[in-house]
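Please examine the sequence and the structure shown below.

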Amino acid sequence: MCAYRMYAFGGMLCRVVSVLWPVLSVVSGFNLHAEHPAVYRGPEGSYFGYSVDFYRPTPESSTLSVLVGAPKANTSQPGIIEGGAVYYCPYPLNPDPTKQPYSCTQIPFDNTNNRMIKVNGTREPLEFKSHQWFGASVRTHKGKVVACAPLYHWRAVKVNGEKDPVGTCYVAVQNFSAYAEYSPCRTNDPDPEGQGFCQAGFSVDFTKEGTLVVGGPGSFYWQGQVMTAGVAEILNGYSLKAVLRRVPGEKHTHAAADTHDDSYLGYSVAVGEFTGDSEQGKRQHFHLSVINSTNLTFIMNFTGEQMASYFGYSVTVSDLNGDGYDDVLVGAPLYMERERESKPKEVGRVYLYLQHSPLTFSEPLLLTGTHTFGRFGTAIAPLGDLNQDGYNDVAVGCPFGGEDRSGLVLIYNGQRDLTARGLTLSQELYGAWASSSGLSGYGFTLRGDRDLDNNHYPGTLPCTLLILSSFFRFTSLLPSSGEVTQLKGSHSKGSIVQSLYLYRPS
């Protein structure tokens with residue numbers, strides 16, 4: 001009875017020891033250096049790369065690393081099976097592609113077993129960390145780090161002790177020397193009608209000021225919920241014994257009328273400036289809602305044009321036309337183009353909403369995929385001004401596109417007159433493996449908009465992640481049964497590659 005985001009996988013996991021180099025297709029303009037990306041690999045079967053972000057201990061630090069979520073990794077936690085982990089992967093300034101892939105180490109966010117409780121004189125688990133998907137989401141902000149386990153369960157406050165998937169997160173500061181848990185939905189409001197199926201940490205982000213924003217799409221019969229809290233407040237007074245804890249200054253969205261059931265608010269969150277008062281807003285899934293960060297009130301909605309297109313699966317914010325206002329890009333990777341009514345073609349679509357003044361947006365400009373079942377728009381990442389023309393650029397993942405469906409990443413350049421000219425496609429990055437290998441998914445995860453080596457160009461981080469040839473990894477949301485099913489495709493035997501590629505501008 002949980003809302004899952006591509007959590008179903010199948011087949012054997014095989015660790016790849018050889019380096020796979022992507023090939024480069026240049027359309028025009030200044031591009032990413034694609035011949036020798038840094039390549040990271042994690043433990044086999046760990047889903048290494050499901051989430052990624054860059055990490056710098058302080059804004060002034062010259063040390064840079066990559067944080068990589070592996071939500072099915074095993075850790076040293078006693079009695080915990082596949083609790084999930086986050087890896088610290090150093091980024092060398094002068095990578096040598098002839099050497100082995102760069103080594104990564106687990107970050108010790110949580111080394112403990114399940115907490116226990118006495119029930120009728122017997123010690124039983126209070127919480128359940130096995131298969132919790134810790135590392136499904138990872139975000140950083142000026143030395144602050146948050147990583148979440150949306151499938152963390154706890155023994156709810158009720159007689160039968162039923163397990164509820166409330167989700168939990170851990171924050172770390174001071175270069176991972178201090179940690180604290182934050183589980184905003186572990187409350188006395190259990191069951192589907194409350195916060196019992198919240199899955200906090202399904203999505204997560206920081207405001208520019210460093211306030212934590214957590215999405216929990218399962219609250220209130222899957223209406224969903226967004227929570228905010230200050231990292232300092234989470235850390236201050238934290239105790240492992242405080243199972244039910246309300247953080248000072250914490251804010252929540254609340255339950256609405258039952259007509260809003262199954263809205264999945266908090267499925268994806270991103271932060272930007274929309275009101276013109278320096279208060280940032282959050283965007284969420286399916287209907288895209290802009291929420292005021294001061295009081296978590298709803299300001300406005302964007303609505304997708306097609307049922308079941310997964311409008312809002314990916315969301316990002318960037319000022320692409322240089323007018324000083326944040327624009328919004330929304331992915332709908334299951335969008336179907338109808339050449340003929342009897343034969344729709346699923347290609348995926350990205351919607352670009354230009355903000356002309358505070359909370360005044362244009363009709364969406366459309367980027368439509370060209371590869372059937374390519375899932376164009378699965379991931380979108382701002383890149384900053386990649387080609388140094390004064391306008392920000394963006395990357396879009398199409399993880400099952402290309403001639404052999406191995407996936408590709410498309411780089412688009414911003415410009416002043418986007419209404420008339422649109423975004424300009426300047427580069428395509430492909431995975432180089434042969435179609436006979438049955439591998440796909442290059443571009444499933446993207447993270448960019450950081451200057452990795454202080455050369456005044458931001459880097460981008462496309463990654464291939466747990467790829468199986470014919471396994472279509474979008475899964476349906478079935479709140480009534482909790483089962484995870486495939487919308488299309490089937491399991492296929494073979495190897496699965498989990499590789500992370502880090503590119504720099506050429």
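Two strands are said to pair if DSSP finds at least two bridges between them. The model discussed here is predicted.

**Strand pairing**

In this model, four strands make up an open sheet in the order S24-S25-S28-S31, and their pairing is antiparallel. Strand S24 (314-318) and strand S31 (365-368) each have a single partner strand and stand at the edges, so one side of each lacks a neighbour in the sheet. From one strand to the next, the twist averages 20 degrees.

S7 and S8 form a hairpin, with two residues between them. In its turn, Asn120 has a positive phi of about 55 degrees.

**Nonpolar cores**

The largest nonpolar core contains 38 residues, and Phe109 and Leu212 have the most contacts inside it. Among the elements that give two or more residues to this core are strand S11 (144-149), strand S17 (212-216) and helix H2 (231-235).

Which residues does Leu212 contact, leaving aside its neighbours within four places in sequence? They include Val146, Val171, Tyr182, Phe206, Met227 and Ile234. Asp205 and Thr228 are also in contact with Leu212.

Another core, of 17 residues, lies apart from the largest one. Ala38, Val52, Val68 and Leu502 are among its residues.

Technical notes:
Residues numbered from 1 in each chain as written. Predicted model: local features only at pLDDT ≥ 70, side-chain atom pairs only at ≥ 80, totals over all residues. Heavy atoms only, no water. Axes fitted to C-alpha atoms, helices over the stretch in contact; angles between N-to-C directions. Core = buried A, V, L, I, M, F, W, Y, C linked by side-chain atoms within 4.5 Å. Buried < 20%, exposed > 50% of the residue type's maximum accessible area, 1.4 Å probe, protein only. Contact = heavy atoms within 4.5 Å.
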